[in-house]
Amino acid sequence: VLVERHQKSGEFAKTIVFGGLDGIITTFSIVTTIQGASLTTGVVIVLGISNLIADALGMAFGEYVGEKSEQEWIAKERSREKWEFENFKEGEMSEMVELYKQKGFTEEDAKDILAIMSNHKDFFIDHMMVQELGIIPDEEGGNPIHGAIIMFFSFIVFGFIPLLSYVALNSVDWTGRFNPVFLVACILTASALFGLGAFKSKWESQAWWKAGFVVLFNGTIAAVAAYIVSLILEQIVT
């Protein structure tokens, strides 16, 4: 018997991409803001890293709370459906028959199918959740802590990319020479944004290069906006 294997590697892909994008854009926006305000490299490093850690913790906590709340809500809805099935089986069967009729089944066929399915209580309850509520029960019973950890490290790793050039070249004296630190940060950030977009396309129908450019475009808009605001504010406060 051949069993179809569905890809499970995308389980945390959304968390990786979301955390990575948020980390990159948030940190690079700080970098562009400081650059626009003509502040020192040290300020970029201190503010960038401190904000990176604080935001990563906040994102991880939000991921944990959100995932746990969703699991508790699904469990609550399943308990309610189970109670209704056990105490008002005929009513639940009638509701399901009507849903099947809306999908093109005859009433007789719907009753025959559901009569067989109802002999398998757990399966039938899960089926009711999908058909009545649009909820797909979590077969994996994923631990919210795992998502929180992935969110934290995704935010930290990708969020540090815009700071790499500042940290690596901090000791170099650029007096009288062109300082390429911000340019290098822009190139690294753009590459990371494009790479995340291409990675995201693995779970989408969109071409990898198109997904990469879409994410790169969105990140560029956010960075340019932060840079322009910093220039305006610098003129106002100085």
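**View 1. Phe-213 and its aromatic partner in the predicted model.** In this predicted model, Phe-213 has a relative accessibility of 48% and is therefore classed as partly exposed. The ring of Phe-213 pairs with that of Phe-194 in an edge-to-face arrangement, with 5.1 Å between centres and an angle of 70° between the planes. Phe-194 belongs to helix α8 (residues 181–200) and Phe-213 to helix α9 (residues 208–237); the pair thus links distant parts of the chain, the two residues being 19 residues apart.

**View 2. The aromatic pair of Tyr-100 and Phe-105.** The structure contains nine aromatic pairs. In the pair shown here, the ring centres of Tyr-100 and Phe-105 lie 5.0 Å apart and the planes meet at 40°, so the arrangement is tilted. Tyr-100 is buried, because its relative accessibility is 7%, under the 20% limit for that class. Phe-105, by comparison, is partly exposed, with a relative accessible area of 34%.

**View 3. A cluster of aromatic rings.** Phe-28, Phe-182 and Tyr-227 are joined into a cluster by ring pairs.

View 4. A relative accessible area of 15% places Glu-77 in the buried class, for which the value must be under 20%. The side chain of Glu-77 makes a polar contact of 2.8 Å with the side chain of Arg-80. With residues up to four places away in sequence left out, Glu-77 is in contact with Met-129, Leu-133 and Ile-135.

Technical notes: Residues are numbered from 1 along each chain as its sequence is written. This is a predicted model: local features need pLDDT of at least 70, side-chain atom pairs count only at pLDDT 80 or more; totals for chains, interfaces and linings use all residues. Side-chain values use heavy atoms; hydrogens and water are left out. Rings of Phe, Tyr and Trp (its six-membered ring) pair if their centres lie within 6.5 Å; planes under 30 degrees apart count as stacked, over 60 as edge-to-face and the rest as tilted. Buried means under 20% relative accessible area, exposed over 50%, partly exposed in between (1.4 Å probe, protein chains only). Helices (H or I, at least four residues) and strands (E, at least two) are DSSP runs, numbered from the N terminus. A polar contact is a pair of N or O atoms within 3.5 Å; within protein, one must be able to donate a hydrogen and the other to accept it, and residues adjacent in sequence count only if both atoms are side-chain atoms. Contact means heavy atoms within 4.5 Å.
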